[in-house]
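Student: I'd like to learn how to read a protein model, one feature at a time. Can we walk through this one together?

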Amino acid sequence: HSLEVLLFLASILFMILAFSRQRKGTIFAVAAGIIIASLAYAWEGAVIYLGIFPIYAAVQMIFDLRSGTFSKEEITKILIAFGIAIILILPFWNAPWLYISFIGIVAMTVAILIMFAAFYLMARLGIQGGNLVLTILVLASISLLASKFLADLFNLSILLQSTGDYLFGGNMIEKVAEAEPLFYITPGW
């Protein structure tokens, strides 16, 4: 467990360094990508931790749109990190122990790209930040519905079931005592 925490914190550290350093930001983003790939290789559930990056990207875009600024540097650095991670995971992407992490990282990259396209369009048209929140919620809902229909096509049902079990309880509780879900609903309530 300590390796996963170390790699996750290291990825956050390198992303913070990438955001705060103008001259060497890309180098730190590449280092973050290497660490993200290492995290994916170390643990099948790495995508649970990595979900913080698309959330950060969405919040940053909303604040940028509200303030009227158009800064793509931070989003570009996140995309560089995820791109490097995808490249490093690609040789073994379909291995059973890496497939979930690979699909999750690719899905997060696509989600960030779609959010950035919406942000860019709204910034060019002068639309306010609150509309980006609504757009992100609509896109997330459409993605959730699409994933339900496409789950069998891309064999994503395992990913969706394991994520649901991890977050809301399920078979994981009986196997590992430390796998307490974030939101557990006690039977009989």
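Tutor: Let's start with contacts, meaning heavy atoms within 4.5 Å. In the protein chain, residues 24 or more positions apart account for 66% of the contacts with a separation of 6 or more. Keep in mind that this is a predicted model, where local features need pLDDT of at least 70 and side-chain atom pairs count only at pLDDT 80 or more, while totals for chains, interfaces and linings use all residues. Residues are numbered from 1 along each chain as its sequence is written, and side-chain values use heavy atoms, with hydrogens and water left out.

Student: How many helices and strands does the protein chain have?

Tutor: Helices (H or I, at least four residues) and strands (E, at least two) are DSSP runs, numbered from the N terminus. Here the count is 9 helices and 0 strands. Read from the N terminus, the order is α-α-α-α-α-α-α-α-α.

Student: What share of the protein chain counts as buried?

Tutor: Buried means under 20% relative accessible area, exposed over 50%, and partly exposed in between (1.4 Å probe, protein chains only). Of the 189 residues, 37% count as buried. In α1, the buried ones are Glu4, Leu7, Phe8, Ala10, Ser11, Met15, Leu17 and Ala18. They pack against α2, α3, α4 and α5. In α5, the buried residues include Ile75, Ile78, Leu79 and Phe82. Those of α5 pack against α1 (2–20), α2 (25–42), α3 (46–50), α4 (52–67) and α6 (99–125).

Student: Why does Ile78 count as buried?

Tutor: Ile78 counts as buried because its relative accessibility is 0%. This residue lies in helix α5. Leaving out residues up to four places away in sequence, Ile78 touches Met15, Phe19, Phe53, Tyr56, Ala57 and Ile112. Ile78 and Gly33 are 45 residues apart in sequence, but 8.5 Å apart in space, C-alpha to C-alpha.

Student: Phe19 is on that list. What does Phe19 touch?

Tutor: Phe19 sits in helix α1. With residues up to four places away in sequence not counted, Phe19 touches Tyr56, Glu74, Lys77 and Ile78. The C-alpha atoms of Phe19 and Glu73 are separated by 7.8 Å, and these two are 54 residues apart along the chain.

Student: How many residues does the largest nonpolar core have?

Tutor: A nonpolar core is a set of buried Ala, Val, Leu, Ile, Met, Phe, Trp, Tyr and Cys residues joined through side-chain atoms within 4.5 Å. The largest one has 43 residues, and Ile36, Met61, Ile105 and Leu132 have the most contacts inside it. At least two residues of this core come from each of α1, α2, α3, α4, α5, α6 and α7 (129–150). The most come from α6, which gives 12. As for Ile105, it touches Ile36, Ala40, Val47, Leu50, Phe82, Ile86 and Ile89, not counting residues up to four places away in sequence.

Student: How are α5 and α6 set, roughly parallel or roughly antiparallel?

Tutor: Axes are lines fitted to C-alpha atoms, for helices over the stretch in contact, and angles run from 0 to 180 degrees between N-to-C directions. Angles under 35 degrees count as roughly parallel, over 145 as roughly antiparallel, 65 to 115 as roughly perpendicular and the rest as oblique. The axes of α5 and α6 come within 10 Å and cross at roughly 155°, so the two are roughly antiparallel.

Student: And what about α1 with α4, and α2 with α5?

Tutor: α1 and α4 pack at about 30°, with axes 12 Å apart, which means α1 is roughly parallel to α4. For α2 and α5, the angle is about 45° and the axes are 7 Å apart, so they are oblique to each other.
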